[in-house]
Amino acid sequence: MFSLYKKEINSFFSSLIGYIVAGVFLVFMGMLMWLFSDTSILESNYATVDQLFSLAPMIFIFLVPAVTMKSFADEFKDGTYELLAVYPISEWKIVLAKFFANGTLILIILIPTLIYVYSVYQLGSPKGNLDLGAIVGSYFGLFLLALVFIAIGLFSSALTSNQIVAFALGSFLCFFILWAFQFVSTLPIFFGRVDDLVQKLGVNYHYSSISRGVIDSKDIIYFLTVIVGLLYCCMAILEKRKG
């Protein structure tokens, strides 16, 4: 399992697309936070990095599927999954190895964003006028959100041998689980009755809760349940393909 984990990490950094994906995220996020007037920190009246945690999920909708799209699709296309399937390793361990590898990659991509936090920390008046506890909670929520998107990306990649299809399906499912339940809750049939319950089915409700710095066990259980459920579906697809 660990050897497969290392293989995934090395595969990402040995290809140009890995650096392009990481670079595009950091540059685009930097432009949104510092250059565009509508979202720029410099246009705000107080020191905050709320823009990072409100904008990153929208970028992750496309970023994470771009990272995960070749996880299984490439294996199926090149015929290497058949070789992997005969090794003494279960489908569950294969899925977990790829999940942890992609989680590590997203974590590596997120680490440079601490520069933005440091910059705002220095710009505060007085210097350091920043709620670091809430920022830590927000990073935790953002990473949990990324893990959900990774599980979706692996599930999408396991369904096809085409990377583009895996990316498109993964992006759609990420958008759906993040925003669809919030949109649906505003429909007349739900609004004012069970709209709050419908919103709780979506990721955005729980991510927003953690992003406020409130780490509730209910939100963590929700994220873990969704992640495990998606990974189990991915494993079931692989078992069916092997059979």
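How are helix 8 and helix 9 oriented to each other? In this predicted model, local features need pLDDT of at least 70, side-chain atom pairs count only at pLDDT 80 or more, and totals for chains, interfaces and linings use all residues. Residues are numbered from 1 along each chain as its sequence is written, and side-chain values use heavy atoms, with hydrogens and water left out.

The axes of helix 8 (residues 132-158) and helix 9 (residues 163-184) come within 8 Å and cross at roughly 140 degrees. Helices are DSSP runs (H or I, at least four residues), numbered from the N terminus. Axes are lines fitted to C-alpha atoms, for helices over the stretch in contact, with angles from 0 to 180 degrees between N-to-C directions. Helix 8 and helix 9 are therefore oblique to each other; angles under 35 degrees count as roughly parallel, over 145 as roughly antiparallel, 65 to 115 as roughly perpendicular and the rest as oblique.

The structure holds five salt bridges, each a side-chain nitrogen of Lys or Arg within 4 Å of a carboxyl oxygen of Asp or Glu. Glu8 pairs with Lys98, with the closest N and O atoms 2.6 Å apart. This pair links distant parts of the chain, since Glu8 lies in helix 1 (residues 2-13) and Lys98 in helix 6 (residues 91-110), 90 residues apart. Glu75 also forms a salt bridge with Lys98 (3.2 Å, N to O). Lys98 counts as buried at 0% relative accessibility, and Glu75 is buried at 7% (buried: under 20% relative accessible area; exposed: over 50%; partly exposed: in between; 1.4 Å probe, protein chains only). Lys7, Glu8, Glu75 and Lys98 are linked in a network of salt bridges.

Methods:
Helix = DSSP H or I, 4+ residues; strand = E, 2+ residues; numbered from the N terminus.
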